Amino acid sequence: MGRGVLEVHLVDAKGLSGSDFLGKIDPYVIVQYRSQERKSSTARDQGRNPAWNEVFRFQINSSAANVQHKLFFRIMDHDNFSSDDFLGEASVNVTDLISIGMERGTSQLNAAKYSVVTADNSYHGEIRFGITFTAAKVEEDGGAVGGWTNSYRE
């Protein structure tokens with residue numbers, strides 16, 4: 001499919017569910033593309049409507065044309081005295097975005113709201129993010145492979 005950089009702009013979330021024993025949540029997001037993961041900062045004291053406004057970059061390097069490219073957004077609640085709690089997740093298929101970016105050099109999905117799916121498969125809240133894909137530039141300098149044009153001297 002191609003090579004390039006997928007840039008994710010994590011904006012905010014609204015109406016998240018869940019609470020810890022103190023009745024509040026400190027959410028953060030783990031953004032995943034295949035085996036690559038990026039973690040946002042923890043939105044402390046922002047409760048169910050956190051704002052991050054952070055950008056994450058993922059390297060895309062795929063030669064397979066029929067592979068589905070998906071981004072996953074796992075929303076977690078940071079807890080100091082126990083393991084972090086799962087609040088919900090969202091996903092988006094970016095296969096077409098990458099294909100268009102390979103043809104045009106770049107493609108973009110403006111920031112939009114996506115439903116958050118909780119552990120019991122119900123919808124509760126939304127997360128907002130935008131995505132840009134920029135294709136890697138292939139340099140064609142016309143030089144011979146291996147430098148053979150300049151290797152012979154008389």
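**Reading the features of a predicted model**

Q: How do I read relative accessibility, and is N49 buried, partly exposed or exposed?
A: At 44% relative accessibility, N49 counts as partly exposed. Buried means under 20% relative accessible area, exposed means over 50%, and partly exposed lies in between (1.4 Å probe, protein chains only). This is a predicted model, in which local features need pLDDT of at least 70, side-chain atom pairs count only at pLDDT 80 or more, and totals for chains, interfaces and linings use all residues. Residues are numbered from 1 along each chain as its sequence is written, while side-chain values use heavy atoms, with hydrogens and water left out.

Q: Where does N49 sit, and which residues does N49 touch?
A: Helices (H or I, at least four residues) and strands (E, at least two) are DSSP runs numbered from the N terminus. N49 is in the loop between β3 (36-39) and β4 (51-62). Contact means heavy atoms within 4.5 Å. Residues up to four places away in sequence aside, N49 touches A13, K14 and G15. N49 and L16 are 33 residues apart in sequence, yet their C-alpha atoms are 6.8 Å apart in space. The side chain of N49 also reaches the backbone nitrogen of G15 at 2.8 Å.

Q: How do I read an aromatic pair, and how many does the structure hold?
A: A pair of aromatic rings is described by the distance of the centres and the angle of the planes. Rings of Phe, Tyr and Trp (its six-membered ring) pair if their centres lie within 6.5 Å; planes under 30 degrees apart are stacked, over 60 edge-to-face and the rest tilted. The structure holds 3 such pairs. In one of them, the centres of F73 and F129 are 3.8 Å apart and the planes meet at 15°, so the pair is stacked. F73 belongs to strand β5 (residues 70-77) and F129 to strand β8 (residues 123-135), so this pair ties together parts 56 residues apart in sequence.

Q: What does Y114 form with F129?
A: Y114 and F129 form a stacked pair, with 4.3 Å centre to centre and 10° between the planes. Y114 lies in strand β7 (residues 106-117) and F129 in strand β8, so the parts tied together are 15 residues apart in sequence. Through ring pairs, F73, Y114 and F129 are linked into a cluster.

Q: How do I read a nonpolar core, and which residues touch the most other members of the largest one?
A: A nonpolar core is a set of buried Ala, Val, Leu, Ile, Met, Phe, Trp, Tyr and Cys residues joined through side-chain atoms within 4.5 Å. The largest has 30 residues, of which L6, L71, F73 and I127 touch the most other members. Elements that each supply at least two residues include β1 (2-14), β2 (27-33) and α1 (95-104). The largest share, 5 residues, comes from β8.

Q: What are the covered and uncovered faces of β4?
A: In a regular strand the side chains alternate between the two faces of the sheet. In β4, the covered face has W52, E54, F56, F58, I60 and S62, and the uncovered face has A51, N53, V55, R57, Q59 and N61.

Q: How do I read strand pairing, and how many bridges join β1 to β4?
A: Two strands pair if DSSP finds at least two bridges between them. Here 10 bridges join β1 to β4, and the two run antiparallel.

Conventions
Polar contact = N/O pair within 3.5 Å; in protein donor to acceptor, adjacent residues only side chain to side chain.
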